[in-house]
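I opened my notebook to get to know a structure I had not looked at before. These are my entries, in the order I made them.

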Amino acid sequence: MIPYYDFDPLLVLGPFKVHAFGPLVVAGVLVGSWVIRRHAIARGVDVSHLRDALTWLLVSGFVGAHLFAVIAYEPAKTLADPLRLIMFWDGLSSTGGFFGAFIGLAQYCRKKQIDFGPIVDVVALGLLVGWIFGRL
């Protein structure tokens with residue numbers, strides 16, 4: 001079994017604590033977005049919709065990541081304290097993040113009447129690269 005280590009925060013600003021996970025997630029979002037844009041240009045996919053599509057993808061991905069974590073991994077705690085559903089700092093799941101991102105991207109493409117296939121093709125590579133940072 002892989003050991004789990006709990007590290008001290010990198011920075012404490014009053015009630016706010018910055019753990020290593022936060023900057024890694026930010027790096028994953030930035031590098032993943034850059035990879036998506038580069039891959040879209042290389043594949044000839046119209047990049048005019050990418051900024052809005054990535055916003056939908058990221059927001060729905062983080063919401064899905066949190067909801068999946070609190071519902072699937074700790075249902076008893078969530079039933080005892082339903083406010084955990086809106087405590088977005090309390091738990092994330094990669095599986096839920098991918099499901100949420102997929103749903104958000106599909107909704108964006110449906111709303112803008114864009115072909116889903118080419119968009120999801122270029123986004124998949126960026127999600128993989130971004131996930132590497134989140135897993136670190």
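**Entry 1: what covers helix H1**

I started with the cover over the buried residues of H1, and it includes H2 and H5. This is a predicted model, so I keep that in mind throughout. I then looked up which residues of H1 are buried: Val25, Gly28, Gly32, Val35, Ile36 and Ala40.

**Entry 2: the whole chain**

Next I stepped back. I find five helices and two strands in the protein chain, and from the N terminus the order reads β-β-α-α-α-α-α. The C-alpha trace spans about 45 × 35 × 30 Å along its principal axes.

The chain has 136 residues, and 26% of them count as buried. Its accessible surface is about 9400 Å², with 69% belonging to carbon and sulfur atoms. I looked at contacts too: among those with a separation of 6 or more, 58% are between residues 24 or more positions apart.

**Entry 3: His66**

Is His66 buried or exposed? I looked it up: His66 counts as buried because its relative accessibility is 0%. His66 sits in helix H2, and its side chain reaches the backbone oxygen of Gly91 at 3.0 Å. Leaving out residues up to four places away in sequence, I noted that His66 touches Arg84, Leu85, Ile86, Met87, Phe88, Asp90, Gly91 and Leu92.

**Entry 4: salt bridges**

I had one general idea in mind here: side chains of opposite charge can pair when their charged atoms come close. The structure holds four salt bridges. In one of them, the side chains of Asp121 and Arg43 meet at 2.7 Å, N to O. Asp121 belongs to helix H5 and Arg43 to helix H1, so this pair ties together parts 78 residues apart in sequence.

Another salt bridge joins Glu74 and Lys77, with 3.4 Å between the closest N and O atoms. Glu74 is partly exposed, at 29%.

I also looked at Arg84 and Asp90, both of which touch His66. Their side chains meet in a salt bridge at 3.1 Å, N to O. Arg84 is buried, with a relative accessible area of 6%, whereas Asp90 counts as partly exposed at 29%. Through shared partners, salt bridges join Glu74, Lys77, Arg84 and Asp90 into one network.

**Entry 5: a nonpolar patch**

On the surface I found a nonpolar patch formed by Val59, Val63, Leu67, Ile71, Leu83, Leu85, Ile86 and Phe88. Together they have about 670 Å² of accessible area. I picked out Ile71, which is in helix H2 (residues 50-73) and counts as partly exposed at 46% relative accessibility. Leu85, Ile86 and Phe88 are also on my list of residues that His66 touches.

**Entry 6: Gln113**

My last stop was the loop between helix H4 (94-112) and helix H5 (116-135), where I found Gln113. Gln113 is not a glycine, yet its phi is positive, about 55 degrees. Gln113 is exposed, with a relative accessible area of 73%.

Conventions: Residues numbered from 1 in each chain as written. Predicted model: local features only at pLDDT ≥ 70, side-chain atom pairs only at ≥ 80, totals over all residues. Heavy atoms only, no water. Patch = residues over 30% accessible without salt bridge, like charges linked within 9 Å, V, L, I, M, F, W, Y side chains within 5 Å. Areas by Shrake-Rupley, 256 points an atom, 1.4 Å probe, with all protein chains shown as cover. Helix = DSSP H or I, 4+ residues; strand = E, 2+ residues; numbered from the N terminus. Buried < 20%, exposed > 50% of the residue type's maximum accessible area, 1.4 Å probe, protein only. Contact = heavy atoms within 4.5 Å. Polar contact = N/O pair within 3.5 Å; in protein donor to acceptor, adjacent residues only side chain to side chain.
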